[in-house]
Amino acid sequence: MEIAIIAHDGKKDEMVKFLKEYEDFFHQDHIQLIATGTTGNKVKSAGFKVQPYLSGPIGGDAQIAGRVAEEKCKMVIFFRDPLEKHPHEPDVLMLLRICDVHNVPLASNPASAKLLIKGISQAD
Ligand SMILES: O=C(CO)COP(=O)(O)O
């Protein structure tokens, strides 16, 4: 199952903390992580196997949206920073829209991500 992980700068530490909290889930062989560039590199340094795409502001969100649209990426965990402005806001909104178009689960904060992971774990 391909899962995208994305975090704005103010949320990257929270993303690493979250992944570590659920590392048994994320280290499973059937879970493939993809990420926007800077998030991916940070998560890689924390010991997770992840395929990084471009950084968000230069097209990473758009690339991930492409994976969702092609039905390759099955879930998106995107910790957005609601207190910051982002020059690539149109790309961010496009990714959220594409998740809705394709009915792909999207968690925008740790509480929602936790529920999704628990749901998947129970279904397995
Ligand atoms: O900007 C982002 C999402 O919109 C995240 O991109 P980075 O992971 O490259 O910082």
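Helices here are DSSP runs of H or I with at least four residues, strands are runs of E with at least two, and both are numbered from the N terminus. Residue numbers start from 1 along each chain as its sequence is written. The model is predicted, so local features need pLDDT of at least 70 and side-chain atom pairs count only at pLDDT 80 or more, while totals for chains, interfaces and linings use all residues.

**Helix 5**

Helix 5 covers residues 89-101, and its 13 residues reach 18 Å from the first C-alpha to the last, close to the 18 Å expected at 1.5 Å a residue. That expected span is 1.5 Å times one less than the number of residues.

Which residues of helix 5 are buried? They are Asp91, Leu95, Ile98 and Cys99. A residue counts as buried if 20 or more other C-beta atoms, placed from the backbone, lie within 10 Å of its own, as exposed if 12 or fewer do, and as partly exposed in between.

The buried residues of helix 5 pack against helix 4, strand 4 and strand 5 (106-107). Contact here means that the C-beta atoms of two residues, placed from the backbone, lie within 7 Å.

Histidine 88 sits in the loop between strand 4 and helix 5, whereas methionine 94 belongs to helix 5.

| Residue | C-beta atoms within 10 Å | Contacts | C-alpha separation |
|---|---|---|---|
| Histidine 88 | 17 other | Gly56, Pro57, Asp61 | 9.9 Å to alanine 62 |
| Methionine 94 | 14 other | Ala62, Ala65 | 8.3 Å to aspartate 61 |

Along the chain, histidine 88 and alanine 62 are 26 residues apart, and methionine 94 and aspartate 61 are 33 residues apart.

Five strands form an open sheet in the order 3-2-1-4-5, with parallel pairing. Its edge strands are strand 3 (50-52) and strand 5, each of which pairs on one side only. Two strands pair if DSSP finds at least two bridges between them.

Strand 1 (residues 2-7) has five of its six residues buried, so it is largely enclosed by the rest of the structure. Four bridges link strand 1 to strand 2 (residues 32-35), and six bridges link strand 1 to strand 4 (residues 73-79). Glutamate 2 has glutamine 32 as its bridge partner in strand 2. Isoleucine 3 is bridged to leucine 33 in strand 2 and to methionine 75 in strand 4.

**Around the ligand**

What surrounds the ligand? Of the 13 residues around the ligand, Thr36, Thr38, Thr39, Ser55 and Gly56 come nearest. A residue is near a molecule if its C-beta atom, placed from the backbone, lies within 6 Å of it. Helix 3 (37-45) and helix 4 (60-69) each supply at least two residues of this shell, and helix 3 gives the largest share, three residues.

The shell divides into three nonpolar, nine polar and one charged. Here Ala, Val, Leu, Ile, Met, Phe, Trp, Tyr, Cys and Pro count as nonpolar, Asp, Glu, Lys and Arg as charged, and the others, Gly among them, as polar.
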